[in-house]
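Let's walk through this one together, question by question. Have a look at the chain first.

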Amino acid sequence: MSACKVCNKPWKLLFKKNVLNKYEAEYRYCEHCEFVGISNVHWLEEAYSEAINSCDTGLIER
Ligand SMILES: [Zn+2]
């Protein structure tokens, strides 16, 4: 089960977005502290290194 990284309570799934046509980012929102983040980040390191070249992943968005 996914939980907010800040207050550790269950957070809502906002939407999923494919990154590099390879990874699926789950954007989630916490109603308790209004934190927004990506829940499944195990692929982030690899995606980030590729993002330097592709330059279009949306990962830099806040
Ligand atoms: Zn929270």
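**Hairpins and pairing**

Q: In the hairpin of strand 2 and strand 3, which residue takes a positive phi near 65 degrees?
A: This is a predicted model, so take the angle as computed. The hairpin of strand 2 and strand 3 has six residues between the strands. The one with a positive phi near 65 degrees is Glu 34.

Q: How many bridges join strand 2 to strand 3?
A: Strand 3 covers residues 36-38 and runs antiparallel to strand 2. Within this pairing, Arg 28 sits across from Gly 37. The number of bridges joining the two strands is three.

Q: Over how many bridges do strand 1 and strand 2 pair?
A: Strand 1 spans residues 12-19 and strand 2 spans residues 23-29.

Q: Which residue takes a positive phi near 60 degrees in the hairpin of strand 1 and strand 2?
A: Here the hairpin has three residues between its strands. The residue with a positive phi near 60 degrees is Leu 20.

Q: What pattern does the chain follow along the sequence?
A: The chain has three strands and one helix. Reading along the sequence, the pattern is β-β-β-α.

Q: What share of the residues of the chain count as buried?
A: Counting as buried takes 20 or more other C-beta atoms within 10 Å of a residue's own. The chain has 62 residues, and the buried share is 8%.

Methods:
Residues numbered from 1 in each chain as written. Predicted model: local features only at pLDDT ≥ 70, side-chain atom pairs only at ≥ 80, totals over all residues. Helix = DSSP H or I, 4+ residues; strand = E, 2+ residues; numbered from the N terminus. Buried ≥ 20, exposed ≤ 12 C-beta atoms within 10 Å, placed from the backbone. Pairing = 2+ DSSP bridges.
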